[in-house]
Amino acid sequence: MDVIFAEATPSGRGGVSIIRLSGSGSRSAVEALAGSLPQPRQVYMRALRDHDDLLDHALVLWFESGHSFTGEEVAELQLHGAPVIVRRVLRFFAEQGMRPAEAGEFTRRAFLNGKMDLAEVEGLGDLLEAETEAQRRMALRLSGGELGRRSEDWRSMLIRAGALVESSVDFADEEVPEDVPDEVFRILADLHQQLTTQISGFAAAERIRAGFEVAVIGPPNAGKSSLINRIAKRDVALVSDIAGTTRDIIELRIDLKGLAVTLLDTAGLRESSDHVERMGVDRARQRAMAADLRLHLSETGECDPSLWQEGDILVRSKADLDSGRGDAISSVTGQGIDQLLEQLHLILSDRISGAGLVSHERQLLSLMDARLAISEIEGLPPELLAEAIRRAANSLDRLLGRIGAEEYLDVIFTSFCIGK
Ligand SMILES: Nc1nc2c(ncn2[C@@H]2O[C@H](COP(=O)(O)OP(=O)(O)OP(=O)(O)O)[C@@H](O)[C@H]2O)c(=O)[nH]1
Ligand SMILES: [K+]
Ligand SMILES: [Mg+2]
């Protein structure tokens, strides 16, 4: 494959900028700039020269093919983090006939060269986007190959079951087919159970990965936008004493003690003759219904029953206006807001308990296919049983991208950065 190159650090001024190359010839391309690099995986301090022009003093290293992230020959330069240096070095490689990498192309090569399975690639994508501790931990497990290892165990179970079925066919007398050994059904029941555990943990895992959506709703002037601003510690939303101030949905992403949560500020719920306000209220209702949880805010402690769902939170606002109301919150004094966030965290934490490893819809579908293949197999003749086992193994191959990965690659890698 041709040599690709890219800046692996974010472009712009910084302490260090890293440029990475991959493909056979990466080392000699860097040698043309830096002089000889005898040993792989060792760091050299070198003067980089474009002909006679000194570009920078840099740290340089290279990896042999088979011993690098992409599986190809890879070289890396750590430059001083000035965009003008990076530009010149990138231009040098382009002039040598090398090609700038596309988004995610290094990782794509790692996948194509068998250095990573598709679930690891998805995990790496999650890791690069992780914002909270829970997301980081889950992404590390996935990118570290945990699902691949689990899947290998499942595969060995299928291989063992398949072999037992085969042997019962081979030795069967044509007239009197031998029974399939009980062990086959025991293995498949065990696998069925393990797949079910993973499948049941999807919803929770997916919430960790994608984050929760919590809609703040209530009548106009309840103080919804004020609450959002207080939590954000800045003016995210317009606040005024005019009922119907908020129209569009305003999103605030927060890290709630390790959980990714998007709070939605919404239009105050009321009948209105104003066309634009009505559009805002419709939108508020739709998003509120779709959210994971609704925080119903009002001065009176009432809520719109048509929007109430099990597990929602009811909160009274403007505690500072009425000293008798100890259970309410105030966005002016901050009273009760920490407790409210604590309550929210408790509710959401409860919803992620039992989270499994499988957090992408694609992975879920493969597991469901595998499970379906080995469901209701009691009493099947050996040939059909063998076929079911093959289908299940196929689905596991799909899970890791050994087959059928093409349709997913572009989708996955477009979300990656250039240089990854
Ligand atoms: N005293 C007091 N006033 C508050 C508090 N929260 C909000 N307000 C006031 O109540 C009025 C309405 O606040 P907003 O935050 O705009 O209310 P809202 O629910 O977003 O209103 P809409 O967007 O119109 O639906 C403003 O004048 C705020 O200053 C509070 O905790 N205490
Ligand atoms: K208002
Ligand atoms: Mg508002």
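**Note on the ligand shell, annotated sites and domains**

1. By class, the shell around ligand 1 holds seven nonpolar, 12 polar and four charged residues; Ala, Val, Leu, Ile, Met, Phe, Trp, Tyr, Cys and Pro count as nonpolar, Asp, Glu, Lys and Arg as charged, and the others, Gly among them, as polar. Of the 23 residues around ligand 1, those that come nearest are Gly223, Ser225, Ser226, Thr246 and Gly268 (a residue is near if its C-beta atom, placed from the backbone, lies within 6 Å of the molecule).

2. This is a predicted model, in which local features need pLDDT of at least 70 and side-chain atom pairs count only at pLDDT 80 or more, while totals for chains, interfaces and linings use all residues. Residues are numbered from 1 along each chain as its sequence is written, with chains lettered from A and ligands numbered from 1 in the order in which they are written.

3. An unreviewed UniProt entry lists Arg20, Glu76, Lys115 and Lys420 under "binding site"; such annotations may be inferred rather than shown by experiment.

4. Lys115 lies in the loop between α3 (105-112) and α4 (118-129), helices being DSSP runs of H or I with at least four residues. Lys115 counts as partly exposed because it has 17 C-beta neighbours inside 10 Å (20 or more would be buried, 12 or fewer exposed).

5. Lys420 lies in the segment after α14 (406-414). Lys420, with 19 C-beta neighbours inside 10 Å, is therefore partly exposed.

6. The domain assignment, automatic or from a database, gives domain 1 (4-101), domain 2 (120-201 + 358-414) and domain 3 (213-343). The centres of domain 1 and domain 2, taken over C-alpha atoms, are 41 Å apart.

Methods. Helices (H or I, at least four residues) and strands (E, at least two) are DSSP runs, numbered from the N terminus.
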